[in-house]
Amino acid sequence: MSFAIDPALLAALWKERHPSGPPIAHTFRTRYADRWVRFHSLPGSKRYPESEDEYAIVLDRYNTILDKLFAGTDVFVVTMDWSDTATGPAGYPTPRQMLHPDSISWWTESEQDDPDPEFHTHTRLYADRRRWNRGCLDGLLRAVADEALVEVFVADTELRRIHHPYDGGADVILDTPAERDGVRDRHTDWLSSHPAGL
């Protein structure tokens, strides 16, 4: 069940907490590098699940970290689409509306630097607020694992902790480096062997 949110108040809170930039999920890793950790979704850093057993592993890993961050609290769930106009139809079909039906339009980030309007893009974010319960986002998370949805993230209502699932894993932003280290150290077998943690 979703609860009503005020998009203007949520935008103001984002700007207060994150003055370094807009809520575009793929930028979080570099903007919050001192509080960031990446977990991979499958053993051996395999990117895409190919069986129901592998989907079960992916969902368990996503939900385990989400539980650690948000158990017993409300969260904001954010999904995205984009268009070549601010209010036009989505630029590509996704299951976003079906999987996030109670979301409201929250934020539009427009890129209009190119002089040719054909190359203007408008990233549109949609949000809802709900009580976190393990499994409540499994349909959405499964779509993320299949890359049917991108730029999804889940945040606490103070926007201090962020979980950005992607096809292959999740980027997690904690409130402090020490908190990041604690979460990371409990799941070392889900980390990348890459020296930069990618």
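Trp 14 and Phe 153 are both buried. They turn up again in the close-ups below, which come from a predicted model.

**View 1. Trp 14 against Phe 153.** Here we zoom in on two rings whose centres sit 6.0 Å apart. Their planes meet at 45 degrees, so this pair goes down as tilted. The partners come from distant parts of the chain: Trp 14 belongs to helix α1 (residues 7-17), while Phe 153 lies in strand β6 (residues 153-156), 139 residues away. How accessible is Trp 14? Its relative accessible area is 0%, so Trp 14 is buried.

**View 2. Trp 14 against Trp 106.** Across the whole structure, a search turns up seven aromatic pairs, and this is one with an edge-to-face arrangement. The two ring centres are 6.4 Å from each other, with 75 degrees between the planes. Trp 106 has 8% relative accessibility; that is under the 20% cut-off, so Trp 106 counts as buried.

**View 3. The ring cluster as a whole.** Which residues do the ring pairs tie together? Trp 14, Phe 28, Tyr 32, Trp 106, Trp 107 and Phe 153 end up linked in one cluster.

**View 4. Helix α3 crossing helix α5.** Now for a helix pair: α3 (residues 52-70) packs on α5 (residues 138-145) at about 115 degrees, and their axes are 10 Å apart. The crossing is right-handed. On the α3 side, the contact uses Glu 52, Tyr 55, Val 58, Leu 59, Tyr 62, Asn 63 and Leu 66. Facing them from α5 are Asp 138, Leu 141, Arg 142, Val 144 and Ala 145. Sorted by type, the contact residues come out as eight nonpolar, three charged and one polar.

**View 5. Helix α3 up close.** From first C-alpha to last, the 19 residues of α3 reach 26 Å, close to the expected 27 Å. Buried residues in α3 include Tyr 55, Val 58, Leu 59, Tyr 62, Asn 63 and Leu 66, and these also take part in the contact with α5. Glu 54, Arg 61, Ile 65, Leu 69 and Phe 70 are among the other buried residues of this helix. Just past the end of α3, look for Gly 72, which has a positive phi of about 75 degrees.

Key
Residues are numbered from 1 along each chain as its sequence is written. This is a predicted model: local features need pLDDT of at least 70, side-chain atom pairs count only at pLDDT 80 or more; totals for chains, interfaces and linings use all residues. Side-chain values use heavy atoms; hydrogens and water are left out. Axes are lines fitted to C-alpha atoms, for helices over the stretch in contact, and angles run from 0 to 180 degrees between N-to-C directions. Helices (H or I, at least four residues) and strands (E, at least two) are DSSP runs, numbered from the N terminus. A crossing is left-handed if the near helix is turned anticlockwise from the far one by less than a right angle, and right-handed if clockwise. Contact means heavy atoms within 4.5 Å. Ala, Val, Leu, Ile, Met, Phe, Trp, Tyr, Cys and Pro count as nonpolar, Asp, Glu, Lys and Arg as charged, and the others, Gly among them, as polar. The expected span of a helix is 1.5 Å times one less than its number of residues. Buried means under 20% relative accessible area, exposed over 50%, partly exposed in between (1.4 Å probe, protein chains only). Rings of Phe, Tyr and Trp (its six-membered ring) pair if their centres lie within 6.5 Å; planes under 30 degrees apart count as stacked, over 60 as edge-to-face and the rest as tilted.
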